[in-house]
Amino acid sequence: MPGSFGHLTARFFDYLGARPLTESDSQTVRSFLSAAEARIFFEQSPRDQTHGFEAALVVIASGRQSEETIRAALLHDVGKRRTGLGVVGRVVASLLIKAGLPMTGRMRDYRDHGAIGAVDLADAGSPAMVVDFARHHHGSRPDTVDEKDWNLLQDADVPAKARLARRRR
């Protein structure tokens, strides 16, 4: 699941620096999601909401977006809301994942957040592409996600600071 240590560092500082969504941002989110999806989205921590919203903005700015790609960007990490881990717990979980060490409880749930979120999204009636991106966003592209959409969503999932640094190279 975790990328390079540079990616993890960027994710850490993005997490610490994230601000809650404004009311206008929240209304924008609601305009793309079903009521069930919005409930799941807003159960996330404010920092995870901000990450999903920023990912959706990347998708929208690309000019190649569809309603499903925006929904996938917004919802891909919703499984993390079930872990109850703060920033320190997430760092520990990421290091355990990177090291390939066994995990239990909330740490395992953090590792498996894609599959956990996918079940919740399927139960909420989300389209297959949205469900499958949540399930596989740290793995290989499933057939239900077009390759161009996959690449766009993968880019959108990169923390903002890391994405900016990557473009400057």
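I take helices (H or I, at least four residues) and strands (E, at least two) as DSSP runs, numbered from the N terminus. The model is predicted: local features need pLDDT of at least 70, side-chain atom pairs count only at pLDDT 80 or more, and totals for chains, interfaces and linings use all residues. Residues are numbered from 1 along each chain as its sequence is written, and side-chain values use heavy atoms, with hydrogens and water left out.

**Entry 1: Asp-157**

I located Asp-157 in helix H10. I then looked up its burial, where buried means under 20% relative accessible area, exposed over 50% and partly exposed in between (1.4 Å probe, protein chains only). Asp-157 is buried but has no salt bridge; that term requires a side-chain nitrogen of Lys or Arg within 4 Å of a carboxyl oxygen of Asp or Glu. The nearest side chain of opposite charge is Lys-80, 6.6 Å away. For charge, Lys and Arg count as positive and Asp and Glu as negative, while His and the chain ends are not counted. I next listed the contacts of Asp-157 (heavy atoms within 4.5 Å). Neighbours within four places in sequence aside, Asp-157 touches His-51, His-76, Asp-77, His-137 and His-138.

**Entry 2: aromatic pairs**

I searched the whole structure and found 2 aromatic pairs. Rings of Phe, Tyr and Trp (its six-membered ring) pair if their centres lie within 6.5 Å; planes under 30 degrees apart count as stacked, over 60 as edge-to-face and the rest as tilted. Phe-41 and Phe-42 are edge-to-face, with 4.9 Å centre to centre and 85° between the planes. Phe-41 is buried at a relative accessible area of 0%, whereas Phe-42 is partly exposed at 24%.

Phe-133 and Trp-150 are also edge-to-face, with 5.4 Å between centres and 80° between planes. This pair links distant parts of the chain, from Phe-133 in helix H9 (residues 128-136) to Trp-150 in helix H10 (residues 147-157), 17 residues apart. I noted both Phe-133 and Trp-150 as buried.

**Entry 3: Arg-30**

I found the charged end of Arg-30 over the ring of Phe-42, 4.4 Å from its centre. The criterion is NZ of Lys or CZ of Arg within 6 Å of the ring centre and within 35 degrees of the ring normal.

**Entry 4: the whole chain**

I counted 11 helices and 0 strands in the protein chain. Of its 169 residues, 46% count as buried. Among contacts between residues at least 6 apart in sequence, 61% join residues at least 24 apart.
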